[in-house]
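Student: I would like to go through the contacts and cores of this structure. Please tie each term to its cut-off.

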Amino acid sequence: MGQDHSSTCPKVVLLGLDSAGKSTLLARLLTGQVMKTTPTIGFNVGTLDLDKNSSLTVWDVGGQKSMRPNWTHYLDDCKALVFVVDSSDAAQMPEAHKLLKKVLSDERLQGVPLMVLANKKDLPQAMTIQAVWNQLGLDSYSDRLREVQACSALQGLGLQQAFLSVNKMIRKS
Ligand code: G3D
């Protein structure tokens, strides 16, 4: 276990269905920096340094069905939600939509910015950003800043940009 940065870096919670690519993404972002890995409890926390002056504490709270009821324990003091979807799997979008709706209904996330990562953009069948936006019904969340960014955790594309945007949204809100 490393140093606890949670008091100084805004807390960002990473959520999404199983296989969306959260672990790959976190490993890619935080290479060599993952502070805690506790498979039995099912979450990883790491500090992501964006530049000299800004860092984020990123919590990956696991996506397995059995873990989902636990997500709610990690929402305290969350400054931004990063919701990861597998953009190559259109069939999963209704379930992702349902889950997102449920999570965003938590009062602790009221007004908290939302970044949707349309992951796996390297795959030919990847949905467009607009399609992901529509499938997740993002028009209905006009009470918060929200954005969709395409990325590939596998190739490391779009991640840094996405988290810089998350940081900007946190500062604006
Ligand atoms: P999770 O933590 O959200 O459950 P994982 O998801 O990070 O375990 O990823 C699930 C699978 O998707 C893994 O493949 C992983 O390699 C793959 N994956 C993650 N991100 C990308 C991406 O950007 N592009 C592509 N093409 N694949 C990705 P396996 O085969 O190990 O199950």
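Student: What makes a residue count as one that Phe-83 touches?
Tutor: Contact means heavy atoms within 4.5 Å. Leaving out residues up to four places away in sequence, Phe-83 touches Leu-15, Gly-16, Ala-96, Leu-99, Leu-100, Leu-114, Met-115, Val-116, Leu-117 and Leu-136. This is a predicted model, where local features need pLDDT of at least 70, side-chain atom pairs count only at pLDDT 80 or more, and totals for chains, interfaces and linings use all residues. Residues are numbered from 1 along each chain as its sequence is written, and side-chain values use heavy atoms, with hydrogens and water left out.

Student: Why is a set of residues called a nonpolar core?
Tutor: The name applies because the set consists of buried Ala, Val, Leu, Ile, Met, Phe, Trp, Tyr and Cys residues joined through side-chain atoms within 4.5 Å. Buried means under 20% relative accessible area, with a 1.4 Å probe and protein chains only. The largest such core has 32 residues, and Phe-83 is among those with the most contacts inside it, along with Leu-81, Val-116, Leu-136 and Leu-138.

Student: Which elements give two or more residues to this core?
Tutor: They are β1 (11-16), β3 (43-49), β5 (78-86), α3 (93-104), β6 (114-119) and α4 (129-135). The most comes from α3, with 6 residues. Helices are DSSP runs of H or I of at least four residues, and strands are runs of E of at least two, numbered from the N terminus.

Student: What lies apart from this core?
Tutor: Another core, of 24 residues, including Leu-25, Leu-26, Leu-50 and Met-169.

Student: How much of the protein chain is buried?
Tutor: Buried residues make up 51% of its 173 residues.

Methods: Buried < 20%, exposed > 50% of the residue type's maximum accessible area, 1.4 Å probe, protein only.
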